[in-house]
Amino acid sequence: MARKKQTGFIISGKNDKTVIVGVSWLQKDRIYKKSRRKLTKFVAHDELNSASIGDKVMIEETRPYSKTKRWRVIEILEKVDYEEVNIDQEKKL
């Protein structure tokens, strides 16, 4: 049986070998029929600590590593320099 895969962005990477990946998706409103963007957070295992905040990654469902970790990072699709992301956010404010 094929394992589930998701693509998302790293929201937090403070813990050792653990990252939090945010996967956004659209949910249609039942009454107004307008789409809203929702964010689901997954706690994923990153064995080499190679991913950092803002990186686009692919995660795969796996055996439980801990109470909340049921996913692992299998590939970093797009690397982002954290300093550039931080500067861009300051400009928006």
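Reader: In what order do the elements of the protein run from the N terminus on?

Author: The order is β-β-β-β-β-α. That gives 1 helix and 5 strands. Keep in mind that this is a predicted model.

Reader: Take β2 and β3. How many bridges, and in which sense do they pair?

Author: 11 bridges, in the antiparallel sense. Within that pair, V21 has F42 in β3 as its bridge partner. The two strands form a hairpin with 6 residues between them. K33 sits in that turn and has a positive phi of about 60°.

Reader: And how many bridges for β1 and β2?

Author: 3 bridges, again antiparallel. F9 stands opposite G22 in β2. This hairpin has 5 residues between the strands. There, K17 takes a positive phi near 60°.

Reader: Now β4. How many bridges join strand β1 to β4?

Author: 5 bridges, and the two strands run antiparallel. Strand β1 covers residues 5–12. Q6 stands opposite I59 in β4.

Reader: How many bridges from β4 to β5?

Author: 6 bridges join them, and they run antiparallel too. Strand β5 is residues 71–78. I59 has V73 as its bridge partner in β5. K56 is partnered with E78 in β5.

Reader: Switching topic. Which residues make up the largest nonpolar core?

Author: There are 11 in all: I10, V19, V21, V23, F42, A44, A51, V57, I59, W71 and V73. The elements that give two or more residues are β2, β3, β4 and β5. The largest share comes from β2, with 3 residues.

Reader: What share of the protein's residues count as buried?

Author: 24% of the 93 residues. The protein exposes about 7300 Å², and carbon and sulfur atoms supply 50% of that.

Reader: What share of the contacts with a separation of 6 or more comes from residues 24 or more positions apart?

Author: 50% of them.

Reader: Next, N49. Where does N49 lie?

Author: N49 is in the loop between β3 and β4. β3 spans 35–45 and β4 spans 56–61.

Reader: Why does N49 count as partly exposed?

Author: Because its relative accessibility is 38%.

Reader: What does N49 touch, setting aside residues up to four places away in sequence?

Author: N15, D16, K17 and T18. The side chain of N49 makes a polar contact with the side chain of D16 at 2.8 Å. The N49 side chain also reaches the backbone nitrogen of K17, at 2.8 Å. That is the K17 with the positive phi in the hairpin of β1 and β2.

Reader: How many residues apart in sequence are N49 and T18, and how far in space?

Author: 31 residues in sequence, and 7.6 Å in space, C-alpha to C-alpha.

Reader: Is T18 buried or exposed?

Author: T18 counts as buried, because its relative accessibility is 14%. The cut-off for buried is under 20%. Its place is in strand β2.

Reader: Which residues is T18 in contact with, leaving aside neighbours within four places in sequence?

Author: G13, V43, A44, D46, N49 and K69. With K69 there is a polar contact between the two side chains, at 3.0 Å.

Reader: Quick recap of the N49 spot, please.

Author: N49 is in the loop between β3 and β4. Its side chain makes a polar contact with the D16 side chain and reaches the backbone nitrogen of K17. N49 also touches T18, which is in strand β2.

Notes:
Residues are numbered from 1 along each chain as its sequence is written. This is a predicted model: local features need pLDDT of at least 70, side-chain atom pairs count only at pLDDT 80 or more; totals for chains, interfaces and linings use all residues. Side-chain values use heavy atoms; hydrogens and water are left out. Helices (H or I, at least four residues) and strands (E, at least two) are DSSP runs, numbered from the N terminus. Buried means under 20% relative accessible area, exposed over 50%, partly exposed in between (1.4 Å probe, protein chains only). Contact means heavy atoms within 4.5 Å. A polar contact is a pair of N or O atoms within 3.5 Å; within protein, one must be able to donate a hydrogen and the other to accept it, and residues adjacent in sequence count only if both atoms are side-chain atoms. Two strands pair if DSSP finds at least two bridges between them. Accessible areas come from the Shrake-Rupley method with a 1.4 Å probe; for residues, only the protein chains shown count as cover. A nonpolar core is a set of buried Ala, Val, Leu, Ile, Met, Phe, Trp, Tyr and Cys residues joined through side-chain atoms within 4.5 Å.
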